[in-house]
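Please take a moment to look over the structure shown here before reading on. The paragraphs that follow lead through it step by step.

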Amino acid sequence: MAMEIGRLQLVEYPHPALLRRTRPLVKIDDGVCEAVEQMFDIMYEAGGIGLAANQVALPYRLFIINLEARPDAGEELVFINPTLSRPRGTAVQEEGCLSLPGLRMDVRRPERVVVDAWSLEGEPIHLDLDGLLARVVQHEFDHLEGRLFTDRLPEAATLEARRSLDTFREVFFGKQSRGELGPNDALLAQLHQLEAARCTTT
Ligand code: ZN
């Protein structure tokens, strides 16, 4: 069953696409390639360096990165069905997220990690990462697991973040009550359709 991707848009917390695990892609069709193109445009427009598919309401295990945040510089990386292994060391660095605009907080993560994935061309990727790329890959991988960086804060910072999350929720529910966004069951039905089109059913 083919399914058009349509015009994608950034979604913000607590959109249900952000809060559930994404599903492995079983095929890379034209729709996926078109989605990746749109995702790079959206990421550059928003000034981001990484973007996961569920941040544009696609329930797929796919994320993109360009550490230079510009189409004319850096390298455009696409990771499909990624897995992480061999976490080593610890590093603390401030993070932000296009799905939590304006919120920035220190996040502790492993300093190095190995990522295995597939490229858009179907080639295997195997990279041992450190520095900013290791951090961004882990941040985007968390998205695919339905986790946000606010789920990784120490207790005191969690309390601090809670007020911002409450505000995001009020804004989101306000949009739903004014009909600017569909109700959650309609948003979930859309995600299920997209999964049925490109993921295994089990
Ligand atoms: Zn993010």
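Which residues are linked in a network of salt bridges? In this model, which is predicted rather than determined by experiment, the network is made up of Glu95, Arg109, Arg135, Asp142, Arg147 and Arg152. Side chains of opposite charge can pair when their charged atoms come close. Asp142 is buried, because its relative accessible area is 3% and buried means under 20%, whereas Arg147, at 31% relative accessibility, counts as partly exposed.

A search of the whole structure finds 17 salt bridges, and two further examples show other surroundings. Glu180 and Arg178 form a salt bridge in which the closest N and O atoms are 2.6 Å apart, and both of these residues are exposed. Asp72 and Arg70 also meet through their side chains, at 3.1 Å from N to O; here Asp72 counts as exposed, with 62% relative accessibility, while Arg70 is partly exposed at 42%.

Turning to the fold, one can trace an open sheet of five strands, in the order E1-E2-E3-E6-E7, with antiparallel pairing. Strand E1 (50-52) and strand E7 (124-129) stand at the edges and have a single partner strand each, so one side of each is left without a neighbour in the sheet. On average, and with direction ignored, neighbouring strands of this sheet are turned by 35° against each other. Inside the sheet, strand E3 (residues 77-88) pairs with strand E6 (residues 112-118) in the antiparallel sense over five bridges, and Arg88 stands opposite Arg112 in E6.

Helix H2 (residues 131-144) lies across E1, E2, E3, E6 and E7, and runs at about 150° to E2.

Cys97 lies in the loop between strand E4 (91-95) and strand E5 (105-109), and His139 lies in helix H2, so the pair ties together parts that are 42 residues apart in sequence. Both Cys97 and His139 are buried.

Technical notes. Residues are numbered from 1 along each chain as its sequence is written. This is a predicted model: local features need pLDDT of at least 70, side-chain atom pairs count only at pLDDT 80 or more; totals for chains, interfaces and linings use all residues. Side-chain values use heavy atoms; hydrogens and water are left out. Two strands pair if DSSP finds at least two bridges between them. Helices (H or I, at least four residues) and strands (E, at least two) are DSSP runs, numbered from the N terminus. Axes are lines fitted to C-alpha atoms, for helices over the stretch in contact, and angles run from 0 to 180 degrees between N-to-C directions. Contact means heavy atoms within 4.5 Å. Buried means under 20% relative accessible area, exposed over 50%, partly exposed in between (1.4 Å probe, protein chains only). A salt bridge is a side-chain nitrogen of Lys or Arg within 4 Å of a carboxyl oxygen of Asp or Glu.
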